[in-house]
Amino acid sequence: MPRDYFSQDSDFSKSFNPPDLSGLESLNFIRNRKADKSGQIEAEVIFRNDGFVLPESMMAVHVDKDSLTLSVIKEASESYQTIIVAYTNDENLEAPDNFYPIALECAVGSPVFADDNNVVFLFQARRRVQLNRLWRNEYDVINANAEVIKEKTSHARPTIALHRSVYKAMEIWQTLSSTAAPDMLSIISDIQQSGVLADTIATAIDLSDAQRMVILQEPDGVSRLHLVYRMLVQENELIALENSIQDQVQNELDRSQREAFLREKITKLQKELNDGRSADPEIRAIEEKLAALELPTEVREVADRELSRLQSMPMFSPETGMLSTYLRWLTDLPWTEQTVDNLDLKRAREVLDRNHYGLKRAKDRVLEFLAVRSLKPKKDRQPILCFIGPPGTGKTSMGRSIAEVMNRRFIRLSLGGVHDEAEIRGHRRTYIGALPGRIIQTMAKAKVINPLFMLDEIDKLTADFQGDPAAALLEVLDPEQNFSFADHYLEVPYDLSKVFFITTANNIATIPPALLDRMEVIEFPGYIEEEKLTISRQFLINEQMLETGLDEDDISISDEALRLIINSYTYEAGVRNLEREIGSVLRKLATKKAEGEAFEHQVEPELVQKLLGPVEFFPMTAEAKDEIGMATAIAWTENGGEIMPVEVLVISGKGNLQITGQIGDIMQESAQAALSYLKSKESEFKIPEDFFEDVDIHVHVPEGSIPKDGPSAGITLATALTSAVLYVPVRHDVAMTGEITLRGRVLPIGGVREKVLAANRAGIKTVLLPARNEKDLVDVPQQALDEMNIVFVEHMDQVLAQAFEGDLTYRRPTKIRGGEKKKGTSKKEDVPADKQ
């Protein structure tokens, strides 16, 4: 579509210098657009930020000659089509950021005036439409689907009464107003539709643009008439007051006193309006709160500006509620209030030791922070910690204890399942029902600017088409940025630099690297049996005794009973289920006490089995004897660690390798690497030529319903393959972990503490670890190290030397299990049954 309609040299521009109203009659021949079955029309849209009118009214529209809007209006005028006029508060009318949902379908007359810069059209507003969907066509013109809002006639008694009240009010207005049309009462007496009556009266009386917009945005005719009735009554009262003021000062008026008259009029009006202050108690409360707050300069400017807008807005404006809500959020947030840190290191150590067993690294980090704060450093920066560990290891409760130690308020926000960036940053105020993000909402609840803020389950964040909340947290958890955190709803910077942030997670792998880089990671390892025993004695039993009402009874649980519960009724790295099972035992004893029966005061393993029923878990233990094709690996799990047998079977075939047991891609690649390493040792191990071409090798890791992956089973796979191919048994009291390379090198792995403890629980006597993991033994309890022989290895040769006894050469019988006689053999030999 052309953009240069009405150029300065055009004949049309020259011919329209004087006003021309001859084309107005053509407006009556322009028909409204026909709605489809759903009641919707499709039309071009132009935006206006002035000249608010109502249906059945005329308005003059000034259009710049260089704008795209002129082309849209020209086409509608020439094609005798209606267009949609929508209203906005933005200055940019070509692409406004927001607009009112209810617009007007208008007929466009011919141009009535033109000069060098503008063209003036006369529009006739026809009817209201509800904007549903907007888009731009190939000419960059905005189009819309809009639903026609129909005016209805109601004969209900309340509506008839309302019509009569409106008519009486109009009679009063006709009497008071000097601008009233003489035939106004006769015009409205014939109108039956409430909406049309409301629009007609609103067009006649003196209303502000904001009031007209409120009326325009009300689709229901009866509700609209109620609004107009209230405005009409207020207008009558204002006119009566104005007449009264005029009567009071009329005798004093002359030309020289006109300015004094206007000032006197304003003074009397302000006196009637509560001395210039808002009459709304809610707005007065906001004014008082803002006056009492110590706000940053930028925030104060925004708050004062928004308060001025609120004070000047009509009571029924749609923006009144939005602005008052926004100002309430500003006043509810803490800006300067804070608690004083308790820097007593001795007390801090006592509280942490009283509430938690172990967790030395986390406790030391808190004490370091308090020690530094006590020295009053010139640069004060809050730490951002990330507690990572299995469920039930005390991460959240440690955060509460730290808050108690520091005398800070503890607030917690769970991030599990959060998938929308707006949950963190909030929604912009242009949206209906917009709120600040959960960070700002939680700070408002804290009432201080320096709480201990725990972000729970940070590894459970997810991203979708609505944005990535983890990316929004980058600003929150960055000390270089969070002093001016930008929430979309507030639109002013908020200082989070005094907040002590602690995050928790179960799995470090799912935390985005950029987010993880901003946090100091502190691991919360799983508890071993001895630690769970101590925690039960110090915390869990006493807590459950209080909850079950048995705290005054002399009940004792033996160590053997606790070990049975730990090993046979729970399977976890933490102690949550352990606490539940202890509580279950005590509740059953409490039931007997409540029923008046005799109950046991000493809990032994036999009583535990009687109360809790059959054992639920059977801890995996080491094999009882050496086996061919079976080696023991050690695996890390979220619940701690456990041993994992790896089985290998060699059968006749065509050189295939089959791997089963829900094995992941990385572990399958480890098996391939282990087999390639073994093939490279054919001559050293005296393996027959072409042996691998005539057999299939099946690798299986039991408990097939549990997914398994990772490179740390590499040396175990190589050991089991070597045993199965050479037909040499593997020592049953040896367990191992480590990644293997094609050259047989052993690379380091993770989770050493959990793996070593799992081997210790299973009765393993010798554990093979990569040499570069020797440093990780510092986290393993000395008791477990004293009971085992830890061997550090750097190459598979060292692994095989520890895993096998005697000479390591090919010993397999001539017949491959399940196959025919191999070429070159002279007789068949069955595999002994005890070797299968």
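Here are some questions and answers about a predicted model.

The model is predicted, so local features need pLDDT of at least 70 and side-chain atom pairs count only at pLDDT 80 or more, while totals for chains, interfaces and linings use all residues. Residues are numbered from 1 along each chain as its sequence is written, and side-chain values use heavy atoms, with hydrogens and water left out.

Q: Is Leu612 buried or exposed?
A: Let's start with the cut-offs: buried means under 20% relative accessible area, exposed over 50%, and partly exposed in between (1.4 Å probe, protein chains only). Leu612 has a relative accessible area of 15%, so Leu612 is buried.

Q: Which residues is Leu612 in contact with, leaving aside its neighbours within four places in sequence?
A: Contact means heavy atoms within 4.5 Å. Ile565 is 47 residues from Leu612 in sequence, with the two C-alpha atoms 9.1 Å apart. With those sequence neighbours set aside, the contacts of Leu612 are Ile565, Tyr569, Glu581, Ser584 and Val585.

Q: How are helix 12 and helix 13 arranged relative to each other?
A: Helices (H or I, at least four residues) and strands (E, at least two) are DSSP runs, numbered from the N terminus. Helix 12 (residues 345-355) and helix 13 (residues 360-374) pack at an angle of about 160°, taken between N-to-C directions on a scale from 0 to 180 degrees, with axes fitted as lines to C-alpha atoms over the stretch in contact. Angles under 35 degrees count as roughly parallel, over 145 as roughly antiparallel, 65 to 115 as roughly perpendicular and the rest as oblique. Helix 12 and helix 13 are therefore roughly antiparallel.

Q: Which residues of helix 13 does helix 12 meet?
A: On the helix 12 side, look for Leu345, Ala348, Arg349, Leu352 and Asp353. Their partners in helix 13 are Lys363, Val366, Leu367, Leu370 and Ala371.

Q: Why is the pair of Phe691 and Phe692 edge-to-face?
A: Rings of Phe, Tyr and Trp (its six-membered ring) pair if their centres lie within 6.5 Å; planes under 30 degrees apart count as stacked, over 60 as edge-to-face and the rest as tilted. By this rule the count comes to nine aromatic pairs. For Phe691 and Phe692 the centres are 5.4 Å apart, and the pair is edge-to-face because the planes stand at 85°.
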